[in-house]
Amino acid sequence: HFLDEENKHSVHFGQFCRRYARVYPSRHVHMSDPSDGAESDVLFFARVLAFEEIVDRYNVVQARDERLHPVARQINAGHHADEARHLVFGRHVLRELWDRDSAGWDAATRHRIAIGLEQFIDATWREYYNPAVYADAGLDAPWDVAREAWASPAQQAHRARMSARGRAF
């Protein structure tokens, strides 16, 4: 049910983007999961939760942004209402999985999970700095623009602020 609902969100958003904009291919590199089922489950739910925390922060900001058309604001507010349920569910499941399984893991396993999650969060944020978007916007040297934007202190603070709630959990 969880995956079905997420897929439906992706399909609707993708249809909107294809109709009114452009869908850029993901630049995410698939990260292999550990063979241990419990570790893999924790990583799966932690990645989903991390992604949804970031996306939900944008839903909240855009729902309140008076510069946006009211329909766009309503869509973001509605999506935030959906995501709020997903976030509660994701936190609950992740906490249960962690409590059940992590006590039997050594420090190396916990470290591997932490590093894998940090890499996923980093890759997720890098999607927001896509050189193809900058090229389509007519900016010169789009790869340089992406690097400069990523390294900008203002953007570093933005990413930290937008990710703080998920990272704290």
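Entry one. I started with arginine 91 and glutamate 53, and both are buried (under 20% relative accessible area, with exposed being over 50% and partly exposed in between, using a 1.4 Å probe and protein chains only). This is a predicted model, where local features need pLDDT of at least 70, side-chain atom pairs count only at pLDDT 80 or more, and totals for chains, interfaces and linings use all residues. Residues are numbered from 1 along each chain as its sequence is written, and side-chain values use heavy atoms, leaving out hydrogens and water.

Entry two. What joins the side chains of arginine 91 and glutamate 53? I found a salt bridge, 2.6 Å from N to O (a side-chain nitrogen of Lys or Arg within 4 Å of a carboxyl oxygen of Asp or Glu). This pair links distant parts of the chain, 38 residues apart: arginine 91 sits in helix H3 (residues 70-101) and glutamate 53 in helix H2 (residues 37-64). Helices here are DSSP runs of H or I with at least four residues, numbered from the N terminus.

Next I looked up aspartate 101 and arginine 100, whose side chains form a salt bridge at 2.8 Å, N to O. Aspartate 101 counts as buried because its relative accessibility is 15%, while arginine 100 is exposed at 56%.

In helix H6 (residues 142-151), aspartate 144 and arginine 147 are three residues apart, so about one helical turn separates them. Their side chains meet in a salt bridge of 2.5 Å, N to O. Aspartate 144 is partly exposed, at 34% relative accessibility.

How many salt bridges does a search of the whole structure find? I noted eight.

Notes:
Helix = DSSP H or I, 4+ residues; strand = E, 2+ residues; numbered from the N terminus.
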